[in-house]
Amino acid sequence: MNTDTAIRKQVLTRQDLFFIVDAFYKEVRKDEVLGPMFNATIHDWEQHLEKITDFWSNQIFDTRVYKGHPMEAHVEFDKKMHYSITPTHFGTWLFYWLNTINTYYEGANAELLKERARKMQTVLYLKIFEHRPQKSHNKLDEPS
Ligand code: HEM
């Protein structure tokens with residue numbers, strides 16, 4: 001069957017962003033590695049989905065609805081996870097993000113959502129790494 005003929009939408013509204021964020025987290029929460037990490041940290045999922053939708057709304061529609069601090073949030077999260085976040089976690093995260101967008105959407109804003117996430121993951125990971133205590137610096141993806 002040729003799935004290329006599926007009709008994909010443009011990302012035009014906040015509802016589109018919410019749809020993507022919601023579908024993305026449904027997959028992430030099922031992932032055997034990422035799922036338990038998110039489920040242990042986020043208790044109010046409704047609020048989280050709105051917050052992440054706000055975040056992407058700032059990015060794509062240039063609204064000022066998101067007022068959080070993603071760097072600090074991830075540094076804290078890594079600490080809570082005993083400094084165990086690796087580039088592989090970010091790779092898996094990005095896989096679900098790209099897949100979700102590609103399944104339902106196309107066009108300029110869809111491309112922008114993918115591109116921004118690709119760029120951000122490097123910055124976020126470096127920030128996490130930079131904030132680790134010295135002795136935790138060896139926790140990369142090398143086999144132990
Ligand atoms: C490019 C990749 C990513 C982006 C753009 C991103 C974006 C965000 C944003 C905007 C927040 C909300 C921060 C706030 O204002 O409280 C957040 C929270 C969070 N992120 Fe990410 N994230 C990324 C990757 C990841 C990865 C790989 C993980 C897990 C390994 C992760 C785990 C979390 C968790 C658990 C929270 C909730 C923190 C809390 O509420 O205590 N994120 N993320």
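A nonpolar core is a set of buried Ala, Val, Leu, Ile, Met, Phe, Trp, Tyr and Cys residues joined through side-chain atoms within 4.5 Å, where buried means under 20% relative accessible area (1.4 Å probe, protein chains only). The model is predicted, so local features need pLDDT of at least 70 and side-chain atom pairs pLDDT 80 or more, while totals for chains, interfaces and linings use all residues. Residues are numbered from 1 along each chain as its sequence is written, and side-chain values use heavy atoms, without hydrogens and water.

**View 1. The largest nonpolar core.** This core has 35 residues, and Tyr-25, Trp-56, Trp-97 and Leu-113 have the most contacts inside it. Two or more residues each come from helix 1, helix 2, helix 3, helix 5 and helix 6; helices are DSSP runs (H or I, at least four residues) numbered from the N terminus. Helix 6 gives the most, 7 residues.

**View 2. Surroundings of Tyr-25.** Leaving aside neighbours within four places in sequence, Tyr-25 is in contact (heavy atoms within 4.5 Å) with Phe-38, Trp-45, His-48, Leu-49 and Ile-52.

**View 3. The iron atom of the ligand.** The single donor from the protein is His-74 (NE2), 2.1 Å away. Donors are N, O and S atoms within 2.8 Å of the metal (3.2 Å for Na, K and Ca); water is not among the atoms, so sites may look incomplete. His-74 is in helix 4 (residues 70-80).

**View 4. Side chains at ligand oxygen atoms.** An N or O atom in the side chain of Lys-51 is 2.8 Å from an oxygen atom of the ligand. For Tyr-66, the side-chain distance to a ligand oxygen atom is 2.6 Å.

Definitions and conventions
Buried means under 20% relative accessible area, exposed over 50%, partly exposed in between (1.4 Å probe, protein chains only). A polar contact is a pair of N or O atoms within 3.5 Å; within protein, one must be able to donate a hydrogen and the other to accept it, and residues adjacent in sequence count only if both atoms are side-chain atoms.
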